[in-house]
Amino acid sequence: MTIFDSDEEELVTTLSDFEPPVQIDTSFNKFIVVDNIPIAPEAKHEKLKSILVKIYSNRPGAEVVGIHLALDAQRNTKGFAFIEYSKKESAIDAATSLNNYPLDKSHTLKVNLLDDFSKFANFEETYKPPTREEFKPKPNYNQWLSDPKALKGYDQFVTRYGDYTDICWNEMHVGKPMVEKSSVSLTSSYVQWSNTGSYLVTFHPDGIALYGGKDWIQVNLFEHRGVQLVDFSPEDKYLITFAPISSDNPNSPKSIVVWDVRSGKKLRSFLAPPKEQFTWPAFQWSAKDRFIARIEQPEKGINIYETPSMNLLDDKIFEVKGIKDFSWSPTDLSLAYFVPANDPLPAKICLVEMPSKKLLAEKSIWGATDARFHWQNEGAYLCVKTDKVVAGKTKKDKIPTTSFELFRTHEPNVPIESFEIQYAIKAFSWEPRGKKICIIHGEFKMNMFVSFFEVQKTSVKLISKLENRKLNTIFWSPRGTLVLLANLGDTGELEFYNTQDCESYGTQEHLQCTGVDWNPSGRYVTTFVSHWKVQTDTGFNIWSFNGDLVYSVLKDRFFQFNWRPRPKFMLTNKEINQIKQNIKKYQEKFDKQDEDDNKAIQHIEQTRLDNLMKEFLSFLQKGEQEYQALEPTRKQLGAYEDIDPNDVYESVETIEELIDIKTIVLKK
């Protein structure tokens, strides 16, 4: 009998063989229970539901598919509700991230997984001690700081050329850098250090990888397809990745993602602004990794998000009408923002404390249309460059001018003072851990001025000025005092300058130089030519702080050079000054260490050469012994030597050489 001849019951039985049985999900792993919701009458149920849906769907990829309010006989809420998600992961995320959510002053929402109720209902009352797991120490990603080479003051750097990525120590006393690790195809584009130097980031089509530790193990992998840019928080607790997506989904954006570095957990994702408005970093980090912020709605205010919850501070935007730009302090929980002039109102620069939003200082400037924030790296000073238009002799004449507003942020009442610079500003930079400012200004690139100012007790004083310079960029030593002035992307002029003695150590040149990077100690500085910008003569030069060329190399398809950052100073300024006062004592100690290291290296090299000579002589001796041992065999085979050792040959060669010629006149 064929299938076509069978009756209906037999047909159904036969077809079931081709289909898997229906799996019924009896779990409640997609449900959460929200406690402590307000007691509300039936008229307010829909509003309460909309509020709860808004709160519990405000997570990456979270989709609420249902909500049920528990009601009493009078149709009033009982104080808890059931929420269903489309995915189990969303429910778990809500239970961990949105627990203890402050709805208002009287209601803090508690979240539990619905499956947990059955688990605790069937909880065994008999105590069973937990199994003791073996302790597994986590890798120390700052181990390199205790390496003997690091303790001697050497630093690491990474280079990219061709398909190779090299991590090296700058052991310049041996004449060249020493490679610690060399890898092929470690990254698909470029590499990047984290802010404290704990991690090395590599880029791949499906995301980024973090490497670190003694053996350069893979610390974590962050999946973000098409990622191009990465930004770490100041203390490396979090990172932000960016991938360009042409048509991103507002309900589940994928362009910008915030991650927890240690756990690898995705905290939240954001839409990227339009291409013409896009800047990187997309968010600005506050000190201590406490907040991230950006202007999402121009001229309305700042969106400030708390970490790690990634919720808006106070659940609302920090409103500042007409805002154009802002900047966080690098050390304190405060930010400065700029509101341009809008006739008849002047422009405003405000310094605000967070999260209290207390106004610390305010400066009004008539006619200011743009501003740039420049923080000293210790947060003690904020210098704001403002561009404004001043009326000329007639009403139609408008003269653009530039002025600077200096905020002394660590002094009582935050004193503010102003100073101006002639000509257009090309570059501005603060001295690290210091009070000096360097400004490059001028109208013509062949005839620029370099001015050095110092912040004193009550004023800003000009301490030095260089004229007729062809320079466009400022690079301070991380230790301050010394500065490298460069002309990037052109003829590559370099000038090494000491701001303490106001003297130039000298000038050098690195043709077509595209980048400069100081090492953390301030003893060396690197200039390089990247293949990304220049196609010929790519490579790098390492200079001493006073401009002496220490090492130079040309490499085909050389892409990047980056010194490995070190964590922030643990020493106070007082302790650093004590070290400077006793520098001769420390110098003798380290000179002795360098001398011992050089002797040890020379001894190792001489030992290596001696061993090679001994090995060579042993090969000769072994060959001679084998040759003598085969002498009977050679005689038996009739293989005789061309020279009989018993014969003595004497060769005489006459050499005639004209030694001198003398002319003697003989008298007859």
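Lysine 265 is partly exposed, with a relative accessible area of 34% (buried means under 20%, exposed over 50%, partly exposed in between, with a 1.4 Å probe and protein chains only). Its side chain meets that of aspartate 93 in a salt bridge, 3.8 Å from N to O (a side-chain nitrogen of Lys or Arg within 4 Å of a carboxyl oxygen of Asp or Glu). This is a predicted model, in which local features need pLDDT of at least 70 and side-chain atom pairs count only at pLDDT 80 or more, while totals for chains, interfaces and linings use all residues. Residues are numbered from 1 along each chain as its sequence is written, and side-chain values use heavy atoms, leaving out hydrogens and water.

**Salt bridges**

- The whole structure holds 22 salt bridges.
- Aspartate 93, the partner of lysine 265, is buried at 14% relative accessible area.
- Lysine 149 and glutamate 171 form a salt bridge at 3.3 Å, N to O.
- Lysine 149 is partly exposed at 30%, whereas glutamate 171 is buried at 10%.
- Glutamate 595 and lysine 599 form another salt bridge, with the closest N and O atoms 3.5 Å apart.
- Lys324, Asp370 and Arg372 are linked in a salt-bridge network.

**Sheet**

- Four strands form an open sheet in the order β9-β10-β11-β12, with antiparallel pairing (strands are DSSP runs of E, at least two residues, numbered from the N terminus; two strands pair if DSSP finds at least two bridges between them).
- The edge strands, β9 (191–193) and β12 (217–223), each pair on one side only.
- Strand β11 (residues 207–212) pairs with β12 over six bridges.
- Leucine 210 stands opposite asparagine 220 in β12.
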